[in-house]
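This report covers a predicted model.

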Amino acid sequence: MSLRINILYGSQNGTARNIAETLEKDLLNENVPASLMELNNYKKAQFTDKTINFIIISTTGDGEPPDNSIDFYNDLISGKKEVCSLLKNKKYGILGLGDSYFTYFCKPAKDIDLKLQEISSVKIVETAYGDDAKNLDEIVENWVKEVKNIVKNSSKIGLETDSISTNSSVEEEKITNIMEGIEITNDDNISESTNSIDYFSEDSYTLSSNDVGEYVIKAENEIENDLEYVPVKLSFDKELLSQITQLKHVIKKPISYLTITSASNLYRSISYSKSQQIFPLIPKKLNSDNNILQYSENNPFSAKVLSTQCLTSKDALKKTVQVTLDITGLNWKYQSGYAFGIIAPNSDKMVLPLLKRLGLDPEDGFRATTTKEALCSGLPVILNKCYTYYEAFKYFININAIPKKAFLRVLAEYCTDIEDKKQLYFLCSSQGASSYRNLKAQYASLLDILYTFKSCHPPFVAILENSTRISPRYYSISSSPLQNSNLISFMFNVHHYIMQNSEDGKYHQRDGLCTGWLDEMLEYPIIQDCIVNFRCKSVNIPIFPKIVNTFVLPPNPLSKNIIMVGAGTGVSPFISFIEYKRQLLEDGQKGDISEEERVKLAEASASWQLFYGCRSNRKDCLIKDYNTLWRQTITNKNIGITMPILDRLEITTSREGNGPKYVQDIMIKPENSNNLRTLLKKRNTYIYVCGNKAMCKGIHEAFSMILQQTTEEAMSNIEAQEYLEILSKEKRYLRDIWG
Ligand SMILES: Cc1cc2nc3c(=O)[nH]c(=O)nc-3n(C[C@H](O)[C@H](O)[C@H](O)COP(=O)(O)O)c2cc1C
């Protein structure tokens with residue numbers, strides 16, 4: 001029997017998926033039979049005695065596995081026979097991805113590792129943990145390198161590989177290269193020092209990170225007011241490069257596997273795309289079981305925008321917009337706390353200059369074909385389908401993020417200027433790791449790269465082969481399904497970031513991909529960028545339901561203590577929770593609450609509390625409209641109960657007044673902390689925290705402090721942490737944390 005490699009991944013936003021796809025490509029390229037699949041599809045994989053399983057899994061939510069790995073994770077951790085017998089005694093390696101700023105760093109990878117050891121699987125490569133906050137790229141590169149070595153050795157020691165046909169004309173790279181006095185190697189084993197970047201972002205300023213690890217705070221008048229996308233010349237450590245005589249660990253050039261043929265008679269064109277429903281090229285898939293349209297990331301639902309409302313004042317630091325969508329036809333029974341994904345197209349402001357820079361006519365058509373289909377798992381477009389270049393860049397290719405190192409390596413090949421070439425090699429070497437990380441933290445786009453390396457003229461095929469697909473953005477629903485289950489509302493902050501042009505030192509503002517697009521499109525729905533259905537004069541956006549939603553109310557929520565803590569748009573799911581309760585209290589009929597809940601309600605006194613933080617009551621308090629509404633007590637004769645909607649509503653304003661600044665400050669005030677401590681110790685208490693990672697950390701510390709600060713039964717710090725951990729395991733302490 002021959003060696004077989006299974007590459008199984010769990011990825012929420014595409015990072016782990018990209019790594020898995022690249023590993024698959026590299027192995028196939030070495031004639032090693034490798035199969036790639038999402039962890040949830042593990043049953044489709046072949047597991048033999050000669051199989052090595054490589055698992056690449058990221059972390060989402062509050063230490064949770066990504067949606068596409070949750071079934072595998074649950075099956076394995078609960079010790080399901082089926083999965084355990086498949087993996088028992090088999091060789092494996094794990095790469096975890098996470099962010100050490102979070103409480104549960106790489107938890108799914110760690111849990112899987114432990115479980116595999118428990119069932120006597122055989123670890124053949126040290127588990128590695130790529131850390132977003134530190135050194136993700138280097139850890140990943142080293143792990144991948146080790147995996148490849150192991151696979152190579154395994155095939156040497158008798159686990160012969162089946163031969164596959166992807167590699168007949170592989171252009172093998174020479175290990176050592178001499179270029180203008182610099183020696184370039186890709187075979188040594190040096191792992192360089194890592195420079196930790198603090199990702200904490202003070203939310204009141206526009207930030208950019210133009211020096212390694214140093215955020216630059218800019219006042220509005222220092223930022224250029226560009227109407228167009230102005231690419232910037234990126235800066236990196238040229239001084240370091242000038243001292244280097246040998247570039248080590250340069251990423252190997254990936255092979256080319258696509259053929260692009262012209263399809264110039266395409267009937268589609270930009271103007272055609274404009275009048276169509278979104279993503280016209282994605283086939284609608286029918287679920288064979290029930291003939292119901294299954295909407296997903298690859299097959300989004302076109303949701304009609306019913307209303308938009310700016311929730312912040314003109315002088316607020318951030319603009320927050322609330323949108324309501326019609327989801328009739330989506331067939332989604334959502335609950336309070338659920339989230340959904342939006343797929344935004346790239347902005348014309350970036351697409352059109354990029355096409356120009358690449359010398360491509362937006363309306364020309366192309367078709368991608370290959371003889372090496374196995375290498376195409378991560379391709380942004382569908383093989384053999386015709387697209388215009390405009391469509392490909394507009395809807396599919398991720399042009400916003402910094403190209404992967406392997407992509408930069410390919411770009412180096414198309415530079416005519418030796419300095420450009422050298423600098424790109426540097427960025428893909430071990431010595432250039434911190435410069436690369438810095439470019440990544442600056443959100444450098446493909447256009448910025450091409451602007452910086454002016455002599456680089458890559459063909460379209462090189463761009464397509466090395467690009468990833470635009471990834472969706474997720475938003476919490478703020479409406480309650482009780483009000484109208486065919487509507488969903490959500491809110492978002494319009495996100496901007498700042499880039500500095502190293503040529504003239506000027507600062508330029510960039511818009512976040514999705515929120516920038518939504519904001520512009522909702523304000524000016526006739527612009528080129530927009531998905532407007534001109535026939536019925538509606539604006540539609542592509543959405544799909546998030547499959548796994550854990551941030552939900554417990555069963556019989558009226559009889560539970562519900563403590564909600566959030567800041568800014570982190571209040572979204574809480575609006576949904578509280579409105580759900582209010583509507584139930586106002587309109588609920590006899591059958592709307594269970595008999596069990598009625599009994600519990602009579603026995604227990606349940607308290608719902610919201611701690612909310614904003615900057616200013618006037619400028620950006622997102623729950624202004626609910627302030628009086630939620631302080632009511634409601635009697636519902638049908639259900640036979642009288643209850644306040646909220647027992648406590650605390651709002652802190654960080655930029656106003658002399659009171660407590662942040663939510664955690666008000667939580668630890670004696671009048672709140674004593675009450676919270678009592679509730680924390682009750683079995684029917686559920687805590688929900690929603691916001692960015694820095695806020696969630698602050699709240700966690702506040703809860704820990706509350707448990708410690710008492711004369712009676714005070715806990716030590718360790719005991720308090722353990723207590724919160726237990727609550728978290730029991731799903732009574734739930735956090736929806738944004739990365
Ligand atoms: C919403 C969100 C929640 C996250 N939660 C955690 C976490 O609890 N623990 C952790 O170690 N990393 C966490 N991360 C970091 C991701 O695991 C990390 O960014 C990873 O590279 C993402 O990989 P993916 O794109 O394949 O999902 C979180 C990231 C996001 C965006």
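## Annotated region

Helices (H or I, at least four residues) and strands (E, at least two) are DSSP runs, numbered from the N terminus. UniProt lists residues 5-148 as "domain: Flavodoxin-like" in an unreviewed entry; its positions are given in the numbering used here, feature names are shortened, and annotations may be inferred rather than shown by experiment.

Residues are numbered from 1 along each chain as its sequence is written. In this predicted model, local features need pLDDT of at least 70 and side-chain atom pairs count only at pLDDT 80 or more, while totals for chains, interfaces and linings use all residues.

## Domains

An automatic or database domain assignment divides the chain into domain 1 (4-156) and domain 2 (557-738). Their centres, taken over C-alpha atoms, are separated by 37 Å. Contact (C-beta atoms, placed from the backbone, within 7 Å) involves 5 residues of domain 1 and 6 residues of domain 2.

## Helix H20

Helix H20 spans residues 670-680, and Ser673, Leu676 and Leu680 in it are buried (20 or more other C-beta atoms within 10 Å of the residue's own, C-beta atoms being placed from the backbone). These residues lie on the same side of H20, because they cover an arc of only 65° around the axis, taken from the directions from the helix axis to the C-beta atoms. An α-helix has 3.6 residues a turn, so residues three or four places apart point the same way.

Pro670 and Glu671, on the other side of H20, are exposed (12 or fewer such atoms). The buried residues pack against strands E25 (561-567) and E30 (685-692) and helices H19 (663-667) and H21 (693-708).

Notes
Two residues are in contact if their C-beta atoms, placed from the backbone, lie within 7 Å.
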